[in-house]
Amino acid sequence: MKLGEELKKYRESKTGRFHMPGHKGRSSCLEDVFVLGNDVTEVEGLDNLHNPTGVIKDLLEEVSTVYGSRKSFISTNGSTTSLQSAILGVTVPGDSILVSRNCHKSVFNAIILGDLNPVYLTPEYEVESGLSWINDLNSLEEAIKSDDKITAVVLTYPTYFGICCHMERIAEIVHKYNRTLIVDEAHGSHLKFCHDLPKSALDAGADIVIQSTHKTLPSLTQSSLLHVKNEKHVDRIESIMSMLLTSSPSYLMMASIEASIDMMEKEGNDRLKKNMAYVEKMAVKYPNAGKIFKSKDYFMERGVNDFDNTRLLFRTSDIAIKGGVAESILRKEYNIQVEMADLNYVNAFMTACDEIEDIERLFKAVDDMAVKYGREVENVEALKEAETSESLTAKCPESVINIRKAFYSDKLCVDIKEAEGKISGSYIIPYPPGIPLLCPGERITNKMVEKILEIWESNIEVIGLDKGKIKIINI
Ligand SMILES: Cc1ncc(COP(=O)(O)O)c(C=O)c1O
């Protein structure tokens, strides 16, 4: 058995952590939380998350006040359970649901569980940046109007890459048609605490908002919040949450949420502002890193509504290094682990728990890597690369069989190179970010086969691909 040994090795390796959880392995706010004696069960005085009447009720009320919800819930099974509770809590089997195609796999799984009919909204692909986001609000409105059985709309805000769509205008449109707006703000639980960051989705008018506090706050892995704005949604979401959540929720996790929010209220604004200001300095001090560093201005120039500057994005394909390769160089040669890479970018997460020395270490390493391994790329060549790769957020593939029906159909395993024209029997998901390239029931095109192979061969984990084989529907 080696897991413990490997964890110890990583813990002691002094790796620069630019990945979640947000505490980065050292937040002082967890010192009194993360002790074995706090790992308890529902004994007298410690309340019960499934029927809160004491200290947990107080905590939930404080969370609700901080974030501005009608009611807030804690999930100790991540935003996966929060999202599924939200979706199952506002729909009934047979409903339609409008879902942005760049949603996390937990949203698609909720569609299967809830027997819903998905209507997909395809984020627009922006060639120069190689990223996709929801921008065309007319298409969103047309999609809502196209099916009066759509009860809810689900969007991701910010995206894994920090891009924020126009949430206020989207909320207006969704509410004009009396639908419920569910926002996956898994990457945005810190927004509320810093004035220089985009508005939180709840403040921008969303009805239900889900946050992975473990990603951007210092709370423990799997801790998540679900905020509900309207009383009418509270009861059913509460019952579904109680169905899906463990009956032994972790006190360590709950207490870590409390400690994180407390810390962020006191210090979050200052810490995040200091770090963001330092990033700007580093982009100048290390010009080879600065040249490929893409922050808010870059995305705003390309039509993004807002951007979360705690996402440190380096577009390594600009210097002819694939994102996955750059991620691996940073880990092996500079002892830095970033959160993720796609074909074009490495994506490093910065939180309030990073120190300025960490930020300098990252920029210095990227700068050095750029000098050592990078080469000038003709703009045309870079654009061509971007166009063919289309990042990891794919255009919407043709859905041939309903996702739930496909999930329950008989499957066959075939080599991915022989899968063109077949119907996918499972998800194909580069991880992270956990956004499906293919869902069960969708057509596998030649372009998709090429893309999956390119991602797989670029050092990026692809869930659903087993030694080059893919499950297809047996028809
Ligand atoms: C956008 C998004 N939503 C939801 C989730 C699921 O969150 P959790 O890991 O807290 O279950 C993730 C996880 O990476 C995510 O990136």
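Author: Gladly! A residue is called buried if 20 or more other C-beta atoms lie within 10 Å of its own, exposed if 12 or fewer, and partly exposed in between. Please keep in mind that this is a predicted model.

Reader: Thanks. Which residues of H13 are buried, and on which side of H13 do they sit?

Author: In H13, the buried residues are Ile359, Leu362, Phe363, Val366, Asp367, Met369 and Ala370. They cover an arc of only 165° around the axis, so they share the same side of H13. On the other side of H13, the exposed residues are Glu357, Val371 and Lys372.

Reader: What is the distance between the end C-alpha atoms of H13?

Author: Helix H13 runs over residues 356-373, which is 18 residues. At 1.5 Å a residue, these should span 26 Å, and the model agrees because the end C-alpha atoms are apart by 26 Å.

Reader: Now the ligand, please. Between which domains does the ligand shell lie?

Author: The ligand is surrounded by 15 residues, and the closest are Gly78, Ser79, Thr80, His104 and Ala186. By class, this shell has 4 nonpolar, 10 polar and 1 charged residues. Residues come to the shell from both domain 1 (28-260) and domain 3 (403-473), so it lies between domain 1 and domain 3.

Reader: Which helix gives the most to the side of domain 2 that touches domain 3?

Author: The C-alpha centres of domain 2 and domain 3 are 29 Å apart. Their contact takes 9 residues from domain 2 and 7 residues from domain 3. On the domain 2 side, helix H12 (323-334) and strand S16 (340-341) each supply at least two residues. The one that gives the most, with 3 residues, is H12.

Reader: One last stop: is Val414 buried, exposed or partly exposed?

Author: Val414 is placed in strand S18 (residues 411-415). Leaving out residues up to four places away in sequence, Val414 touches Ala419, Lys422, Lys469, Ile470 and Ile472. Because Val414 has 16 C-beta neighbours inside 10 Å, it counts as partly exposed.

Reader: And how far apart in space are Val414 and Glu333?

Author: In sequence, Val414 and Glu333 are 81 residues apart. In space, C-alpha to C-alpha, the distance between Val414 and Glu333 is 37 Å.

Definitions and conventions:
Residues are numbered from 1 along each chain as its sequence is written. This is a predicted model: local features need pLDDT of at least 70, side-chain atom pairs count only at pLDDT 80 or more; totals for chains, interfaces and linings use all residues. Domain bounds come from an automatic or database domain assignment. Two residues are in contact if their C-beta atoms, placed from the backbone, lie within 7 Å. Helices (H or I, at least four residues) and strands (E, at least two) are DSSP runs, numbered from the N terminus. The expected span of a helix is 1.5 Å times one less than its number of residues. The arc is that of the directions from the helix axis to the C-beta atoms. A residue is near a molecule or strand if its C-beta atom, placed from the backbone, lies within 6 Å of it. Ala, Val, Leu, Ile, Met, Phe, Trp, Tyr, Cys and Pro count as nonpolar, Asp, Glu, Lys and Arg as charged, and the others, Gly among them, as polar.
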